[in-house]
Amino acid sequence: FELHPNDLVDVRKVPDMPPESRKDEYLYQPCDLIPPIGENLMTHFFHRPHEANERAITIKRSPKKRKQRLAICPQMGTNIGWGIHLVEGWAMTKLWLLALVISSLGGMVFAVTWSVIKHDIQAAFAVAAYFVALSGLGVGTAQAYLN
């Protein structure tokens, strides 16, 4: 990230770790993962913070400034630092998959049930198709407003 005046931060490159040339400025345990903490473990600690502790490997792998606090360079007006960038939001892939499964299975169950009870297959699949299309529009609208 890039630090600006008034503690404003601009995320520049994701994922990224300090280069070897600046290893003396930052304390962290090298790791083959970038970011140094896996998504599943981070989510686990987010939902169960009491299970995380100061000695956890996740703390050791996160880059920390060694000697002084990260400050703005007087000549440049900014400074470069490293940290963890958490991205919050809806898992749209899972939402679309859920809508697909619910609308497909629900539409098929409705169509077969209507066909058996009313003896009208054309009307059954017309109503089922309406619900499948409506669920697609609903998820698409939710995605548009959430992003």
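Serine 115 is buried, at a relative accessible area of 16% (buried, under 20%; exposed, over 50%; partly exposed in between; 1.4 Å probe, protein chains only). The model is predicted: local features need pLDDT of at least 70, side-chain atom pairs count only at pLDDT 80 or more, and totals for chains, interfaces and linings use all residues. Residues are numbered from 1 along each chain as its sequence is written, and side-chain values use heavy atoms, with hydrogens and water left out.

Serine 115 lies in helix H3 (helices are DSSP runs of H or I with at least four residues, strands are E runs of at least two, and numbering starts from the N terminus). Beyond neighbours within four places in sequence, serine 115 contacts Asp120, Ile121, Ala124 and Phe125 (contact, heavy atoms within 4.5 Å). Valine 116 is also placed in helix H3. Valine 116 counts as exposed because its relative accessibility is 55%.

Met108, Val112, Val116, Ile117, Ile121 and Phe125 make a nonpolar surface patch of about 590 Å². Helix H3 (92-118) and helix H4 (121-146) each give two or more residues to this patch. H3 provides the largest share, four residues. Patch residues have over 30% relative accessible area and no salt bridge, with nonpolar side chains (Val, Leu, Ile, Met, Phe, Trp, Tyr) joined within 5 Å and like charges within 9 Å. A salt bridge places a side-chain nitrogen of Lys or Arg within 4 Å of a carboxyl oxygen of Asp or Glu. Areas come from the Shrake-Rupley method with a 1.4 Å probe; for residues, only the protein chains shown count as cover.

Tyrosine 28 sits in the loop between strand S3 (26-27) and helix H1 (39-47). Tyrosine 28 is buried, with 11% relative accessible area. Not counting residues up to four places away in sequence, tyrosine 28 touches Met17, Pro18, Glu20, Lys23, Lys60, Arg61, Ser62 and Pro63.
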